Amino acid sequence: MLFDLVRPALFALDPERAHRLTVRALSVSPVRKPPKRGPLAIDVAGLSFPNPLGIAAGFDKDAEVPDQLLGLGFGFVEVGSLTPRPQAGNPKPRLFRLVKDRAVINRMGFNNGGGEAAKARLKRRSGRSGIVGINIGANKDSDDRIADYAAMTRAMMPFASYLAVNISSPNTPGLRALQDGGALFALLDAVLAERGSAGPPVFLKIAPDLEPADIDTISRIAIEKKLDGLIVSNTTVSRPPLRSSFASEAGGLSGAPLRDLALQRLRDFRSATDGAIPLIGVGGISSAEDAWQRIRAGASLVQIYSALVYKGPSLASRIVKDLEYLMRRDGFCSIAEAVGSE
Ligand SMILES: Cc1cc2nc3c(=O)[nH]c(=O)nc-3n(C[C@H](O)[C@H](O)[C@H](O)COP(=O)(O)O)c2cc1C
């Protein structure tokens, strides 16, 4: 209800300012306890998730408010993307609300304060409970992007419940080429060598804009390298029909118009991996029904971001509550049982 009152004021602001204000408000708000293991609990990659709903990367890029986000009811939080050196990102404006489409276009370009600054913040929270994944990226001007991912693995793994290797941002030129077979093989070799046998699980975050051959190649390599999970998906550079005037802005599209594409990619990866690798479904999820559909299509975990812009922070606890209802309605006793059951 409070969000309904505040929303017009937030929407009157430039979206990036509104986002900064939201993060600042969270940072000064009292930290509530993270959710406890309940009927929706699920074990994935050796981690025990109290519920399957997470907040996707990009909301808390600099790991400023992970505990406040867990306190909203999220079963896990993914901070980042973080790069080895701080970087300013693309010129503003670079974030657009497509209100009529319940969507967002962003071309932020990995703006972040760098791994070291985030590490200091994450160090201060160590010992606290709650699953906090760290999403890692490469600097735009890096000569050796694979070395950036390896360095970030080394630096961040002591503080990460899991690492998410993001090679799917459309806003760092050439980054998505790391999804190509040879490059992906070399990248994962480097990251997994740094991670070693005792480090956290490693997930790979991929784009929705992939051809069937790409999906097969990525799946084959992911299985061969024994990746712990695939995050499907990042924003899309495609433009399904949109009504808002910002539709032609360059960048990645997220929110409602991404839903069907991200769902289709999840199904593609489910059949290409045949259940061998846990999948994390993200893209256009804005309700418990969407989350449930993604789980039934093969996702062990789901994440949201853009829907929070339109529905506010209470969305997390609403989705979790309604998801339990849907699980029971369809006769399942656990989320694990429902994964891929469609
Ligand atoms: C403003 C904004 C910034 C984002 N930044 C990142 C990022 O730094 N790293 C990343 O892996 N994904 C990033 N994403 C993508 C989201 O994590 C998510 O994959 C995508 O938005 C689809 O989910 P949604 O439709 O629920 O928003 C960003 C998305 C938005 C809207």
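This is a predicted model: local features need pLDDT of at least 70, side-chain atom pairs count only at pLDDT 80 or more; totals for chains, interfaces and linings use all residues.

User: How many salt bridges does the structure hold?
Analyst: There are 19 salt bridges in the structure.

User: Let's take aspartate 67. Which arginine does its side chain meet at 2.9 Å, N to O?
Analyst: That's arginine 125, and the two side chains form a salt bridge. Aspartate 67 is in helix α3 (residues 66-71), while arginine 125 is in the loop between α4 (115-124) and β7 (131-136), so the contact ties together parts 58 residues apart in sequence.

User: Is arginine 125 buried or exposed?
Analyst: Buried: its relative accessible area is 10%, and the cut-off for buried is under 20%. Aspartate 67 also comes out as buried, at 10% relative accessibility.

User: And what links up with Asp67 and Arg125 in a network?
Analyst: Arg128 does, through salt bridges. Arginine 128 pairs with aspartate 67, with the closest N and O atoms 3.7 Å apart. That arginine sits in the loop between α4 and β7, 61 residues from aspartate 67 in helix α3. Arginine 128 counts as partly exposed, at 46% relative accessibility.

User: Switching topic: what does glutamate 194 pair with?
Analyst: Arginine 154, in a salt bridge whose closest N and O atoms are 2.6 Å apart. Here the link runs between helices: glutamate 194 belongs to α6 (residues 181-195) and arginine 154 to α5 (residues 145-156), 40 residues apart.

User: How accessible are glutamate 194 and arginine 154?
Analyst: Glutamate 194 is partly exposed at 25%, and arginine 154 is partly exposed at 47%.

Notes: Residues are numbered from 1 along each chain as its sequence is written. Side-chain values use heavy atoms; hydrogens and water are left out. A salt bridge is a side-chain nitrogen of Lys or Arg within 4 Å of a carboxyl oxygen of Asp or Glu. Helices (H or I, at least four residues) and strands (E, at least two) are DSSP runs, numbered from the N terminus. Buried means under 20% relative accessible area, exposed over 50%, partly exposed in between (1.4 Å probe, protein chains only).
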